[in-house]
Amino acid sequence: MKTIIRSAKIIDPKSPYHNKTVDILIADGCISKIDSTLSNPENYNEIKRDNLHISVGWFDSSVSLGEPGYEDRETIKNGLEVAAKSGFSGIALQPNSHPIIDNQSQVLFVKSKAQEAATELFPIGALTKESEGKDMAELYDMKNAGAIAFGDYNRSLSNANLLKIALQYTQDFDGLVIAFAQDDKIKGNGVANEGIVSTRLGLKGIPNLAEEIEVARNLFLLEYTGGKLHIPTISTAKSVTLIQEAKAKGLQVSCSVAVHHLVLNDEKLEEFDTRYKVTPPLRSEADRLALIEGVKNGIIDTITSDHNPIDIEHKKMDFDTAKNGTIGLESAFGALLTILPVETVVEKLTSGRALFGLKTPSIIEGTPANLCLFNPDGKSTFTLDKILSKSKNSAFIGSEIKGEVYGILNQNQLILNQ
């Protein structure tokens with residue numbers, strides 16, 4: 001396949017063509033030539049789009065797809081197509097399935113399901129068997145099978161000694177431990193952020209302390225053991241401060257924030273709409289602004305959609321009993337552009353690869369083409385018909401978004417939205 005991409009502005013600080021508008025020749029999956037203008041005597045396929053921008057293909061560090069076990073929520077095949085059309089050329093797959101990805105065979109199974117896709121799938125193995133927090137899973141075997149990190153999705157490890165052992169053990173093979181932070185005893189039966197909104201609505205609250213006390217504990221363990229720790233989807237101002245202090249000490253800690261925590265706050269709960277019931281809960285406006293500042297100053301390393309498909313039967317319930325989670329791949333880019341400049345959005349949607357030990361591509365001649373094509377301008381409303389996922393539990397339906405994703409070019413495949 002040979003394709004010429006016309007008049008594309010490159011957003012890639014590692015490329016000599018950063019912020020330049022150029023033509024790009026793609027030949028057999030590689031970037032063959034970049035120039036201000038390229039001729040086309042052999043009548044290669046050409047891609048032209050309004051206000052076309054190109055960056056390295058985006059990477060999402062937290063995606064659930066259901067399969068195996070919850071194919072009614074989402075399949076790997078369709079989920080990867082959704083990711084591609086949303087601008088993501090790579091995703092980290094959470095062990096949020098049945099059976100849970102906690103052994104070598106399960107890692108190999110999900111990888112085999114993604115072999116033909118344009119979007120690459122990188123499994124996260126469960127840290128403990130069946131994510132029950134009791135016994136450590138087969139981490140080394142999963143690493144050899146292709147797992148890029150180890151963590152129990154949205155489950156905090158109450159056994160501090162088990163986390164200590166995991167941090168020590170994974171150092172032998174340069175493994176990355178993911179530690180979700182939420183103290184279950186402090187959370188109790190809470191379903192929403194503890195604050196003015198939850199009090200007014202009569203919802204049981206989850207205080208910021210439930211997250212922050214776990215973040216502090218896990219950072220103390222990391223300081224004691226060494227190793228590499230990733231804290232996913234932080235949601236409070238104090239968590240940002242704690243991680244900033246840990247980084248200043250030289251600890252190998254990284255963190256992510258979900259798109260919905262950057263864009264929405266707990267005032268969305270006024271209508272008791274379960275689309276806004278997520279883990280961690282949507283926090284106060286002060287926390288949201290602190291998270292944005294954490295992104296801008298580099299304390300927060302990467303942004304994730306935290307895409308979590310939930311079937312309608314488990315979302316169309318009363319607020320207390322509905323399942324937590326929102327899908328987010330389709331809306332991630334457009335929602336982020338409403339609060340952050342495009343350069344920052346691209347940086348935070350591509351930085352995850354390095355955190356997980358994956359090679360970071362760049363837009364340079366002679367390298368494999370791993371590209372996202374998009375337009376950062378224009379406004380629209382995110383509506384139900386824009387959802388490509390099998391599940392429709394999006395917190396952004398009805399929200400104003402910016403920009404448009406055209407598609408990706410990766411694995412010698414061109415996936416474009418019509």
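So, P68: it's found in the loop between β6 (58–63) and α1 (76–85). When I say helix or strand, I mean DSSP runs numbered from the N terminus: H or I with at least four residues for helices, E with at least two for strands. The peptide bond that joins E67 and P68 is cis, with omega about 0°.

Before I go on, this is a predicted model, where local features need pLDDT of at least 70, side-chain atom pairs count only at pLDDT 80 or more, and totals for chains, interfaces and linings use all residues. Residues are numbered from 1 along each chain as its sequence is written, and side-chain values use heavy atoms, with hydrogens and water left out.

Okay, next proline. P99 lies in the loop between β7 (88–93) and α2 (104–112). The bond from H98 to P99 is cis too, with omega near 5°.

Now for some phi angles. F272 isn't a glycine, and still its phi is positive, near 55°. F272 is partly exposed, at 39% relative accessible area. On the cut-offs: buried is under 20% relative accessible area, exposed is over 50%, and partly exposed is in between, using a 1.4 Å probe and protein chains only.

N412 also has a positive phi, about 60°, and isn't a glycine. You'll find N412 in the loop between β17 (400–410) and β18 (413–416). N412 is partly exposed, with a relative accessible area of 36%.

Let's turn to α10. How far apart are the end C-alpha atoms of α10? They're 17 Å apart, which agrees with the 16 Å that its 12 residues should span at 1.5 Å a residue. That expected span is 1.5 Å times one less than the number of residues.

Which residues of α10 are buried? D287, R288, L291, I292, G294 and V295. They cover an arc of only 160° around the axis, so they sit on the same side of α10. The arc is taken from the directions from the helix axis to the C-beta atoms. Here's the background: an α-helix has 3.6 residues a turn, so residues three or four places apart point the same way.

On the other side of α10, A286 and K296 are exposed. And what covers the buried residues? The cover includes α7 (208–225), α8 (237–248), β14 (253–258), α9, β15 (302–304) and α12 (342–350), where contact means heavy atoms within 4.5 Å.

Last stop: after α10 comes G298, with a positive phi near 90°.
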